[in-house]
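Work through the following exercises with the sequence and coordinates at hand. Each task is followed by a stepwise solution.

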Amino acid sequence: MSDNPISLSRYLIEQERRHGHIPGSLRLLIEQVARACKRISRAVSKGASSGILGSAGSENVQGEVQKQLDVIANDVLLEANEWGGHLAAMASEELEQIYPVPHRYPRGEYLLLFDPLDGSSNIEVNVTIGTIFSVLHLADGVRDVGAEHFLQAGRDQVAAGYCTYGPQTTLVLTLGHGVAVFTLDSEQGSFVLTQEGLRIPESTREFSINMSNMRHWAPPVQRYVDECLQGRNGPRGKDFNMRWVGSMVADVHRILMRGGVFLYPWDRREPDRAGKLRLLYEANPMAMLVEQAGGMATAGTERILDIQPQNLHQRAAVMLGSREEVALLQRYHAEAQ
Ligand code: AHG
Ligand code: MN
Ligand code: MN
Ligand code: MN
């Protein structure tokens, strides 16, 4: 570790002033989100000692029973970001409607979307969870911001990232010019740059899917996973390993760090739904990060970042990671059409 680590603040100032990659208002937004993630990390790490585990006794628009930490993380992100003057509104997995910045605060040019706590089913068992966020630009001249202003294709995101709450608290961020990783130095209480210019290996021996859903998948996914399971004597000519954490942030972080392919595909349990994961605040930010790191992210035959959203909480099939694997999955879907 260099004796003069680069803090998140310095990194963002250099992205603004040296590279001209971002305006000051976006720098401030990212710093506020990072500050909120540090607060969420502290709440998560207290776990059962603080009596905030377990159900909140309410249901969200997804039809999921909310955990107390889902609600706490959501409130931390709203409070941390509503007064800064850089946002017009926010959208969250945990809020049915959008959250316009209250009139008592100045409004800005950005829209912030987030999954405040991803992997909630892992909270009580002390497995890595996280926060996923996405930043869009509000169209010029909009006075009354509405849900329709959030319905932008993922390729229009100006920034995306996630924070993992695990053995380390890491912030993984893209501003559209590559992917940088920051690790929380808990003694300093600040995020320090630990990796930049991240590249996902083109090929892999590791796939990530919830195998218990196998009988529900469409043929192209069945075909792909079946070939992986045949190993070196099958058409892929190599043995594969399988990992499934059940927190998208943990599975995607592993793939960004060492390669692999993550799949949460459509399945016939909910035929009218594209899949379980939400497009605007799970699939899109992760797809931007993966593409910025040289990987691929497809919904089957369509690039995830090209999907034109129809509603705030719509789902998307997600297959992302090492280019070789995702390209093969995309080919299998095209051949099945
Ligand atoms: P969330 O906790 O934000 O609702 O998201 C959970 C998602 C995602 O994190 C993970 O990849 C997936 O659910 C796991 O789904 P299964 O439990 O069906 O495997
Ligand atoms: Mn949820
Ligand atoms: Mn999630
Ligand atoms: Mn969530």
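Domain bounds here are taken from an automatic or database domain assignment. The model is predicted, local features need pLDDT of at least 70, side-chain atom pairs count only at pLDDT 80 or more, and totals for chains, interfaces and linings use all residues. Residues are numbered from 1 along each chain as its sequence is written, and side-chain values use heavy atoms, with hydrogens and water left out.

**Exercise 1.** State which domains the assignment gives and how far apart their C-alpha centres lie.

Solution. Step one: the assignment gives domain 1 (8-196) and domain 2 (206-335). Step two: their C-alpha centres are 23 Å apart. Step three: with contact taken as heavy atoms within 4.5 Å, domain 1 contributes 50 residues and domain 2 contributes 32 residues.

**Exercise 2.** Describe the area and the polar pairs between domain 1 and domain 2.

Solution. Step one: buried area is the accessible area (1.4 Å probe) that two parts lose on being put together, summed over both. For domain 1 and domain 2 this is about 2900 Å², with 62% of it on carbon and sulfur atoms. Step two: a salt bridge requires a side-chain nitrogen of Lys or Arg within 4 Å of a carboxyl oxygen of Asp or Glu. Three salt bridges are counted between the two domains. Step three: Glu64 and Arg278 form a salt bridge, their closest N and O atoms being 3.0 Å apart. Step four: by class, the side of domain 1 that touches domain 2 has 23 nonpolar residues (Ala, Val, Leu, Ile, Met, Phe, Trp, Tyr, Cys and Pro), 21 polar and six charged (Asp, Glu, Lys and Arg), the others, Gly among them, counting as polar.

Methods:
Chains lettered and ligands numbered in written order. Polar contact = N/O pair within 3.5 Å; in protein donor to acceptor, adjacent residues only side chain to side chain.
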